[in-house]
Amino acid sequence: MARIAGVNLPADKPIAIALRYIYGIGPTSSRSVLEQAKIETGKRTKELSDAEVDRLRNLIEKQYKVEGDLRMQIGQNIKRLVEINSYRGLRHKKHLPVRGQQTKTNSRTVRGNKRMTAASGKKPSGQKT
């Protein structure tokens with residue numbers, strides 16, 4: 001099993017797919033890393049030699065910011081936006097969508113799955129009003 005950037009890559013998947021398990025590497029960067037390392041995209045992770053795994057590891061460490069470093073940079077960027085009281089920072093602070101999406105409906109991802117029904121605020125029918 002290959003271990004790159006602190007992530008164990010799945011052995012039975014093609015290496016182009018397995019590299020996506022690393023935070024910060026998507027489909028495009030996965031293909032470009034494999035082209036630079038001169039490795040076939042259809043090759044399975046378990047079929048890689050130690051030399052090929054070392055080439056991949058060195059390329060990713062030198063050219064890409066991945067995993068912990070990338071998460072830390074994103075966190076710092078959000079913290080900076082909050083500190084300078086920018087509009088985006090305020091949206092982050094309030095846990096609302098940041099990029100202009102509507103909030104009357106469809107903001108469940110950011111706000112959480114709090115489904116409110118029409119009858120949730122009503123009094124039971126046995127009480128006087």
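Biologist: Where does N106 lie?

Modeller: In this predicted model, N106 belongs to the loop between α5 and α6. Helices are DSSP runs of H or I with at least four residues, strands are E runs of at least two, and both are numbered from the N terminus. Residue numbers start from 1 along each chain as its sequence is written, and local features need pLDDT of at least 70, side-chain atom pairs pLDDT 80 or more, while totals for chains, interfaces and linings use all residues. Side-chain values rest on heavy atoms, without hydrogens and water.

Biologist: Why is N106 called exposed?

Modeller: Exposed means over 50% relative accessible area, buried under 20%, partly exposed in between (1.4 Å probe, protein chains only). N106 has 65%, so it counts as exposed.

Biologist: What is noted about the phi of N106?

Modeller: N106 is not a glycine, yet its phi is positive, about 65 degrees. Most residues other than glycine have a negative phi.

Biologist: What is the phi of H95, and where is H95 found?

Modeller: The phi of H95 is positive, about 60 degrees, although H95 is not a glycine. H95 sits in the loop between α5 (87-93) and α6. Its relative accessible area is 55%, so H95 is exposed.

Biologist: How do you know that R71 lies over the face of Y23?

Modeller: The test asks for NZ of Lys or CZ of Arg within 6 Å of the ring centre and within 35 degrees of the ring normal. R71 is 3.9 Å from the ring centre of Y23 and lies over its face.

Biologist: Which helix has the lowest mean pLDDT?

Modeller: pLDDT is the predictor's confidence in each residue, from 0 to 100. Among the elements, helix α6 (residues 108-111) is lowest at 80 and helix α4 (residues 67-83) highest at 95.
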